[in-house]
Amino acid sequence: MATGNINVSVENIFPLIKKFLYSDHEIFLRELISNATDATLKLKHLTAIGEAGGVEYGNPRIEVKIDKENKTLHVIDQGVGMTKEEVEKYINEVAFSGAEEFLEKYKDSAKDSGIIGHFGLGFYSAFMVANKVEILTKSYKDESAAHWVCEGTTEFTLEDADKKEHGTEIILHINEDDKEFLEEARIRELLSKYNKFMPIPIKFGTREETLPLPEDAPEDAKPETKTVDDIINNPNPAWTKQPNELEDKDYKEFYRELYPMQFEEPLFHIHLNVDYPFNLTGILYFPKLTGNMEIQRDKIQLYQNQVFVTDNVEGIVPEFLTMLRGVIDSPDIPLNVSRSYLQADSNVKKIASYISRKVADKLKSLFNNNREDFEKKWNDIKIVIEYGMLSEDKFFEKAQKFALYPTVDDKYLTYEELAEKIKDNQTDKDGNMVILYASNQDSQHSYIEAAKAKGYEVLLLDSPIVPHLLQKLESEKEKISFVRVDADNVDNLIKKDEEKISKLSDEEKEKLKTDFESVVPKEKYTVQLEAMDSDAAPLIITQPEFMRRMKEMQQTGGGGMFGMGNMPEMYNLVVNTNHPLISEILNTKTVKKQERLIKQSLDLARLSQNLLKGEELTAFIKRSFDMVK
Ligand code: ADP
Ligand code: MG
């Protein structure tokens, strides 16, 4: 029997391993299964090129086994195995120096976890959960087997052993503190988190399978069951296949496999597949994203050669696409580095822009191939697209071809179609094209109707980031402005060169203005006289576009100029000097009566804007009853 010393300079590396990755104990299993997978795939390669010395590949699997009595956990493979010399070399020297180097490099940046600690520790991560580790291994090219034992110190023993089949068994004697890893449920959880799509079948225990009844079975026949190996993984997940091998239903099935708790179907998928200048495969799904962005449980998962790494893809996937779901798999993403390094890596940058390009291309082809269907999905996907247009110039450009602007009448127009439609009727006297929009069809109903009566097209834009998007569109396009329908009286929304004639003389106007200003609170309303049609509303409350938009932008983050968010709400009170009620107010002799008429009219205007609430609403109702009785 050989004994020896593992060749290291850092004497206390084991305690360090345990401490450093304290929170990430569970990754040991993934590391061991990765090694078992590598060893099996190596054998597959050797047999394929006829270099395996007559050993057959067969149908190898990896087995994970718990032995509660002996407090051991076993990971068994049928791969290439190791000769004694290889154990010396790969376990005692190379693997250890790898672990050592890793710790040296990262021991100061333990706080910057996230991706650190995912890879690089390899075999020695077993000592995070075991005080003693055994390797029983037989190489495909050797007659004798080897048995290595190490008890978490730098000493080890290595001797000949008895093992018939090629392959390796790793035996972990689990620490008292880590006995959770002797629980079947816990191991099953880890296997399904990290190994669900690994390329070699992984057996964990057995399960009962119900056999199908034969065709001619009697009605009351009970189906038979049989005990079969429980294979916990799908070794050939959809993303490893070519798009032309898959049908729509395969993509949907894979979605359910990825997110078993997700009952809503995805809207569509995007299959990613590149091998130059970097390697990346994957499938992204557009989920239904209605309303506010919910807290996201089901995220995009990052794999490396079918091994789960993380579901934090920040920095790798463009931010606006992190709301999508699915998987990406790339061996070219450096993993044992910090986030800030990741963001500077040129490969990673290329990956992010590739993904964003593919998504844009897919959206464009969906739009071109089936516009009707695309329009139906628009409200569920617009947040992602609008966010992408805001945050990435390239995406903004591509989106010109498929971004839609819905109208209050349920038409969905591209920007180009919209401009063509409105340019004649909605260009003001200075040559600016004014695009009208509403954010809420109910509360802005009267304004929408007034605009439509003028033949204007009104968009319905209701995502939370709309104010930012409009700002962006106004700065990208020439001579356009967006104005919400309630920003002004309809005649002022798009200023044309036509003078409206007022019934009132200048003196009368002067008096009317003073009368109103003595009643309405001036810190809230600016009184503004307008000669409108006599059948238009007598009073209209409007809020100037600029001010409202700045406030909204501040509420949704960004655009924090002028401290608008803290400004009090200010409105314009537009008084229609051609309306009979206004003439009546002007000509009312008693001050008391005039005040009551103004108050009542103002409250009605507020009511139509949904601005009358609480105590004031109660007072209004009481006053109204008094007036009708
Ligand atoms: P890595 O997998 O990154 O090479 P590890 O520390 O995980 O680093 O493993 C060190 C080496 O030990 C492997 O490269 C391999 O040569 C050998 N090894 C580990 N596990 C096995 C196994 N199950 N079968 C064969 N060789 C193995
Ligand atoms: Mg490894």
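Reply: The second largest cavity holds about 30 Å³ of space, where a cavity is a set of points on a 1 Å grid over the protein atoms alone at which a 1.4 Å probe fits but cannot get out, and where a volume is the space filled by probe spheres set on the points, which are joined across faces, edges and corners. This is a predicted model, in which local features need pLDDT of at least 70 and side-chain atom pairs count only at pLDDT 80 or more, while totals for chains, interfaces and linings use all residues. Residues are numbered from 1 along each chain as its sequence is written, chains are lettered from A and ligands numbered from 1 in the order in which they are written, and side-chain values use heavy atoms, with hydrogens and water left out.

The second largest cavity is lined by Trp378, Lys382, Glu386, Leu404, Pro406, Leu460, Leu461 and Asp462, a lining residue being one with an atom within 4 Å of a point. Helix α8 gives the most to this lining, with three residues; helices here are DSSP runs of H or I with at least four residues, numbered from the N terminus. By class, the lining has five nonpolar, no polar and three charged residues, where Ala, Val, Leu, Ile, Met, Phe, Trp, Tyr, Cys and Pro count as nonpolar, Asp, Glu, Lys and Arg as charged, and the others, Gly among them, as polar.

A search of the whole structure finds two cavities of 30 Å³ or more, and the largest cavity contains about 40 Å³ of space. Around the largest cavity stand Trp378, Glu386, Met389, Ala403, Leu404, Tyr405, Leu461 and Leu469. Helix α8, which spans residues 371-391, supplies the largest share of the lining of the largest cavity, namely three residues. In that lining, seven residues are nonpolar, none is polar and one is charged.

The model also has pockets, a pocket being an open set of points with protein on both sides within 12 Å along at least five of seven lines. The second largest pocket has a volume of about 490 Å³, and of the 25 residues that line it, the closest to its centre are Ser439, Arg484, Gln543, Arg548 and Glu552. The elements that give two or more residues to this lining are α12 (466-476) and α15 (545-555), and α15 gives the most, with four residues. The lining of the second largest pocket divides into seven nonpolar, 11 polar and seven charged residues.

The axes of helix α2 (residues 27-48) and helix α4 (residues 184-194) come within 10 Å and cross at roughly 60°, the axes being lines fitted to C-alpha atoms over the stretch in contact and angles running from 0 to 180 degrees between N-to-C directions. That angle makes α2 oblique to α4, because angles under 35 degrees count as roughly parallel, over 145 as roughly antiparallel, 65 to 115 as roughly perpendicular and the rest as oblique. Ile27, Leu29, Arg30 and Ile33 of α2 make the contact with Ile187, Leu190, Leu191 and Tyr194 of α4, contact meaning heavy atoms within 4.5 Å. The residues of this contact divide into seven nonpolar, no polar and one charged.
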